[in-house]
Structure formats: structure tokens, C-alpha cells
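Please look over the sequence and the structure shown below before reading on. The report that follows describes how parts of the chain pack against one another.

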Amino acid sequence: MKEISVAHSPDADDIFMYYAIKFGWVSPKDAVFKNIAADIETLNQATLKGEYDICAISFALYPFVKDDYALLKTAVSFGEGYGPKLVKKKNQKLKRNFKVALSGEFTTNALLFKIAYPEARITYMNFLDIEQAVLDGTVDAGVLIHESILTFDENLEVEREMWDIWEELSGGGLPLPLGGMCLRRSLPLHSAIDYENTLIKAVDVANKNRNVLAPMLLEKGLIRVDADTLDNYLDLYANDNSVQLSELQYEALDKLYELGYKHGFYTSLIRAKDFLIPSEYEELRAN
């Protein structure tokens with residue numbers, strides 16, 4: 001059978017959403033999925049180079065790869081009143097040109113941060129190293145993502161929530177788009193539809209069987225956090241809203257891309273729905 005590369009990040013929600021496939025609960029019709037785990041900016045850069053068939057990405061990256069990759073409707077992460085956090089040492093006052101660590105050039109939090117703090121001096125590093133870099137004084141502040149938003153050191157405090165920045169920039173009322181998945185356009189359409197449907201089913205099955213899957217992941221040592229933190233994290237980023245993009249989530253994506261275009265980060269204005277896999281093709285062919 002054909003081997004299809006599926007790359008995702010090692011954070012808890014991505015592993016959770018993918019392992020329904022890894023454990024054999026769900027599988028595609030004509031292929032075997034081979035999974036690769038890497039930090040999100042590594043995956044963003046890999047997608048720019050066209051390395052994987054299916055890949056998790058930051059939503060902010062998508063306009064740069066739209067010609068080569070279709071946007072998938074599933075395995076999505078949005079913030080609803082929460083999200084990445086800009087942290088600093090307690091009682092420290094940040095200057096206008098403070099030095100900050102971000103998890104990658106093409107992450108959604110980087111896009112929003114650059115709009116909100118145009119004078120900050122940015123350095124990029126692996127998201128796992130950001131907390132320590134702030135504690136060490138290597139940087140003045142850092143944007144924490146993934147599980148770090150729940151577990152950061154008590155000597156740090158939140159300077160600003162990225163959610164609040166998003167609310168101000170977007171006008172409010174929309175979830176914060178963080179990450180999703182994309183699929184190589186050169187794959188045959190009927191296969192692409194099957195792969196997307198497989199991933200939709202996998203996320204749905206994982207979500208509905210969380211009480212079974214989560215302990216399995218913890219037992220096998222696949223998750224970096226304890227059971228309580230995992231439960232809290234999955235509440236945030238692997239839930240009913242992760243299974244398929246909703247109308248409100250499409251609206252939020254369009255607002256993100258509008259902001260990026262307005263502030264000069266994108267060369268064209270796009271609408272998310274224009275770049276999906278045309279899944280209606282199978283229904284039309286059947287008729």
C-alpha cells in the first residue's frame with residue numbers, strides 16, 4: 001500500500017488527535033499513514049519546502065503554501081478566551097524595544113505579536129526552551145505555547161495574553177486561530193478526500209473516547225505532562241471544536257488573513273473556504 005507521510009507536533013493535543021490512527025482504530029482505504037513528530041516551526045519550514053504529504057501547520061503560515069497545499073477541515077486548534085501567553089520575570093518592566101523569544105517566524109502568535117509590538121527585538125527558538133530563556137535573562141520576555149501555558153515557573157508572570165491582542169485586533173467575538181493541517185495538492189483528489197475523511201474520523205473517535213485514549217498515551221510515556229494537566233489541556237485544544245471547522249472558525253481564519261494582509265505580511269488577501277479539498281467531488285461522481 002502507498003505510504004503517506006503525516007507530520008504533527010509532539011504536543012499533547014496533536015498526539016491525542018493522531019493516535020486513534022496509530023492504534024489502528026481508524027485507517028485510510030488505500031494507504032498507510034507514517035507519522036513524524038516535530039516542533040511546529042520545524043513543520044512550518046518543512047511545509048514551505050514541500051517535505052510531507054500531510055502536515056500540521058500554524059494557520060498563519062497557510063497563505064505562503066496555498067498553491068501547493070490544500071487546507072484541511074479537521075485537527076484544528078483555536079483559543080476561546082485563552083491561548084499563548086507573553087511572560088516575563090515577576091515585577092519586571094519591559095521597555096518598548098524589549099527582547100522576546102518566539103517559537104517561530106511563521107507561527108500565528110508571531111504574526112499577532114509583530115503587529116502588536118513592532119519595536120520589539122525578536123529571537124526565535126524551540127518552544128521548549130523559551131521559559132528557561134526568560135528565567136535566565138537571555139531574553140526579556142517570551143511567548144509560551146502548548147502545555148507551557150499551564151505549567152510555567154512561578155517566578156514568571158503574564159505580561160499579556162495573546163487572546164487579548166487577538167480580541168483587540170479582530171474586533172472581538174471570534175475564536176483565536178492557532179493551528180491546523182494541510183495536504184499536498186499533487187495527491188489524487190479521490191485519495192485526498194479519503195485521507196481528510198480518515199483524519200476527521202480519527203479526531204472524532206479520539207474525542208469521543210478520550211477516557212480510554214488519554215490513559216493509554218500516559219501509560220506509554222507519549223505525553224510530556226501529568227494526567228491532570230493533560231485533561232486540562234485537551235479541554236482547551238482537543239475537543240468538539242477540533243473535529244471540523246465551523247462557520248465561526250472560518251470567519252476567524254479570514255480575519256487573521258485580513259490582518260496579515262493589511263499589515264503587509266501577506267501579498268494577497270485569501271478566504272479559507274477557497275482553499276479546501278472539494279469533498280463534494282465524490283458525491284457528484286457517485287451520482
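In α4, the residues Thr108, Leu111, Leu112 and Ile115 meet Leu256, Leu259 and Gly260 in α11, where contact means heavy atoms within 4.5 Å, and where helices (H or I, at least four residues) and strands (E, at least two) are DSSP runs numbered from the N terminus. By class, this contact of α4 with α11 has five nonpolar, two polar and no charged residues; Ala, Val, Leu, Ile, Met, Phe, Trp, Tyr, Cys and Pro count as nonpolar, Asp, Glu, Lys and Arg as charged, and the others, Gly among them, as polar.

This is a predicted model, in which local features need pLDDT of at least 70 and side-chain atom pairs count only at pLDDT 80 or more, while totals for chains, interfaces and linings use all residues. Residues are numbered from 1 along each chain as its sequence is written, and side-chain values use heavy atoms, with hydrogens and water left out.

The protein chain has 12 helices and 11 strands, and buried residues (under 20% relative accessible area, 1.4 Å probe, protein chains only) make up 55% of its 287 residues.

A nonpolar core is a set of buried Ala, Val, Leu, Ile, Met, Phe, Trp, Tyr and Cys residues joined through side-chain atoms within 4.5 Å.

| Core | Size | Residues, among them |
|---|---|---|
| Largest nonpolar core | 84 residues | Phe33, Ile54, Trp166 |
| Another core, apart from it | nine residues | Ala101, Val134, Leu156 |

Phe33 touches Ile4, Val6, Tyr18, Ile21, Pro28, Ile54, Tyr195, Thr198 and Leu199, not counting residues up to four places away in sequence.

Methods
Buried means under 20% relative accessible area, exposed over 50%, partly exposed in between (1.4 Å probe, protein chains only).
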